[in-house]
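Student: I would like to learn how to read a few local features of a protein model, taking each general idea before the particular case.

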Amino acid sequence: MNNNWDLTRIFKNEKEFKNTILEVNSLLDKIIKYKGKILENNKSLLEVLCLNEKIELLTERVYVYSLLGYYDNMGNTTFQEYKEESLNLLNKVSSITSFITPELLSSDYKLINTYINENKELEKYKLSLEKIFHYKEHVLSFSEEKILSDMSDLFRVPENTFEAIDNVDIRLGKIKDENGKNVELTNSNYTRFLMSKNRNVRKNAFKKMYKYFENHINTLSSLYIGNVKNNVFLSKTRKYKSSLDMELFSDNVSEKFYDKLIEITNKNTKYLKEYYKLKSKSLGYKMHMYDLYVNSSVMPDKKISYEEAIKIVNKALKPLGEDYLNNFNNLLNSGVVDVYPKDKKRSGAYEWGTYGILPYVSLNYENNVDSVSTFAHEMGHAMHSFYSDNNQDYLYSRYPIFLAEIASTVNEILLSEYLYNNSESKDEKEYYLIEFLDKFKATVYRQVMFAEFESSIHRKCENNISLTMDLLCDEYLKLNKKHFSPVIKVDEAIKYEWARIPHFYNSFYVYKYATGFISALIIADNLLKDNNFKYKYIKFLSSGNIKYPLDLLKDLNIDLENENTLNRAFEIFKKKINDLKELEKE
Ligand SMILES: [Zn+2]
């Protein structure tokens with residue numbers, strides 16, 4: 001087994017890479033000739049769609065190849081150059097092919113339908129054309145679109161300014177660490193201090209953090225209000241029902257569903273409080289907001305080699321069946337994983353790839369339980385890509401972001417269940433339970449609280465209530481009290497927390513973390529209880545984006561729009577709390 005990537009699976013050598021760029025350029029010369037003529041007849045429509053598909057696929061290959069090579073060794077100047085070249089190509093492609101969508105949308109879908117009936121070869125593009133026409137009523141005239149597109153840099157000012165503050169300008173000041181040493185507090189070491197066993201360290205880090213945000217709260221409020229107003233303006237201009245409706249549109253998700261998710265989560269905050277009651281009891285005092293992350297699980301101190309990890313994960317994923325495991329092990333034997341840390345390799349773990357070629361997974365494997373879990377997670381992504389690539393045309397192979405974390409989380413949960421059931425010590429069992437409960441809290445409760453903040457603020461703006469710094473902070477404090485009070489003392493300073501959440505500049509995105517986790521939880525539960533569920537699940541993994549996300553989940557009998565489905569996830573959370581209670585009695 002090869003533990004390093006083999007990029008020649010994409011291009012054999014430099015010549016093939018360069019030739020592909022030349023090929024894309026010559027295809028671009030061809031496609032541009034169709035400008036103004038796409039809809040002349042069914043043949044020209046077909047030609048443009050074929051050319052465009054080819055251009056996209058080859059450009060993706062060039063881009064993925066150059067970036068993977070660069071990530072593998074960020075000091076490699078050849079791949080740095082390739083990366084620049086492929087970015088230039090990407091920009092060129094998107095600029096030259098930008099005429100296609102508006103030209104299609106300038107017509108009526110009836111005409112497209114006629115062409116599809118005339119020419120069977122167009123059948124394959126039907127679904128993707130329907131998806132383009134889904135937007136028709138929200139696309140403006142050519143000159144209006146031009147104005148909006150010329151203004152796009154202006155719309156990004158709030159986000160860019162926030163990033164500049166949050167990544168560059170920010171100076172949180174110094175605090176004393178556990179050893180009494182003065183250290184600079186930063187965004188990245190903050191969580192570590194909040195997990196400190198020393199309560200004073202936690203408290204001081206918390207205070208220092210929010211003092212900074214209090215001092216800059218007027219600036220940050222103004223930025224966020226700018227962002228909200230942009231969304232409201234764009235959604236009105238594009239004739240959406242609301243800014244929320246605009247963001248949910250691409251996944252065909254309704255506002256009603258978004259609100260239902262919030263409503264059900266709020267109804268179930270009782271379990272979150274129960275969890276913190278248990279935690280308070282073990283700490284022996286009433287918790288404050290700076291105590292939320294303490295007493296988190298301590299990873300079992302055991303060494304697990306990569307070879308052992310493969311064996312463990314194979315056992316844990318048994319409920320997925322033979323077909324899954326055969327393909328899983330084939331991928332490993334094909335050297336898709338770059339396993340160990342090495343000099344100038346990109347940090348973290350991820351999965352990526354290009355259609356028709358086995359995926360690439362990067363780990364920085366460290367012989368511990370955490371690394372095994374990361375391995376299972378990333379392989380979940382890889383298997384989703386593998387199944388979708390093998391069963392769908394390029395056009396429909398890429399699964400949407402809404403579904404992207406499901407397959408990886410299913411694997412993580414199955415692994416955690418397996419390790420829990422096979423662990424010998426109480427401490428180890430406790431670790432897996434607390435890991436699970438903390439992840440549920442962070443991915444479901446916390447993200448839904450964020451989602452509620454976003455929709456509430458946008459709706460106020462849409463109802464002409466003037467947004468102010470006080471209003472933002474009050475709203476955020478109110479939500480925190482709803483989630484944590486009275487079990488936890490909700491410190492007033494938490495009302496500034498919203499101002500440090502980067503995701504709020506990617507509006508109405510975070511709810512997908514919650515829906516992804518909830519779906520994965522139910523899938524894993526079904527897999528463990530029903531021996532036949534795996535066949536449905538593999539079909540789901542094979543479906544790419546041939547339907548909208550909620551419909552693909554419905555094919556698994558998981559109807560997220562039904563509140564019983566959502567409640568089921570919270571019941572699982574509750575069951576784990578009970579398991580933890582039982583364990584602590586022992
Ligand atoms: Zn992931």
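Predicted model: local features only at pLDDT ≥ 70, side-chain atom pairs only at ≥ 80, totals over all residues.

Student: Let us begin with helix packing; at what angle do helix 16 and helix 18 pack, and how far apart are their axes?

Tutor: In general, a pair of packed helices is described by the angle between the two axes and by the distance between those axes. Here helix 16, residues 306-316, packs against helix 18, residues 369-391, at an angle of about 60°, and their axes are 10 Å apart. That angle makes helix 16 oblique to helix 18, and the crossing of the two is right-handed.

Student: Which residues of helix 16 and helix 18 meet?

Tutor: From helix 16 come Tyr306, Ala309, Ile310 and Val313, which meet Val372, Phe375 and Ala376 of helix 18. Sorted by class, this contact of helix 16 with helix 18 has seven nonpolar residues, with no polar and no charged ones.

Student: How are helix 14 and helix 23 arranged relative to each other?

Tutor: Helix 14 (residues 255-267) and helix 23 (residues 511-529) pack at an angle of about 70°, with axes 11 Å apart, and the two are therefore roughly perpendicular to each other. Phe257, Tyr258 and Leu261 of helix 14 make the contact with Tyr511, Ala514, Thr515 and Ile518 of helix 23. The residues of this contact of helix 14 with helix 23 divide into six nonpolar, one polar and no charged.

Student: Finally, where should I look for backbone exceptions?

Tutor: As a general rule, most residues other than glycine have a negative phi, and most peptide bonds are trans. Asn252, although not a glycine, has a positive phi of about 55°, and Asn252 sits in the loop between helix 13 (243-248) and helix 14. The peptide bond from Ser485 to Pro486 is cis, with omega near 0°, and Pro486 is found in the loop between helix 22 (469-484) and helix 23.

Note on methods
Residues numbered from 1 in each chain as written. Heavy atoms only, no water. Axes fitted to C-alpha atoms, helices over the stretch in contact; angles between N-to-C directions. Helix = DSSP H or I, 4+ residues; strand = E, 2+ residues; numbered from the N terminus. Parallel < 35°, antiparallel > 145°, perpendicular 65-115°, else oblique. Left-handed = near helix turned anticlockwise from the far one by under 90°. Contact = heavy atoms within 4.5 Å. Nonpolar A, V, L, I, M, F, W, Y, C, P; charged D, E, K, R; others polar.
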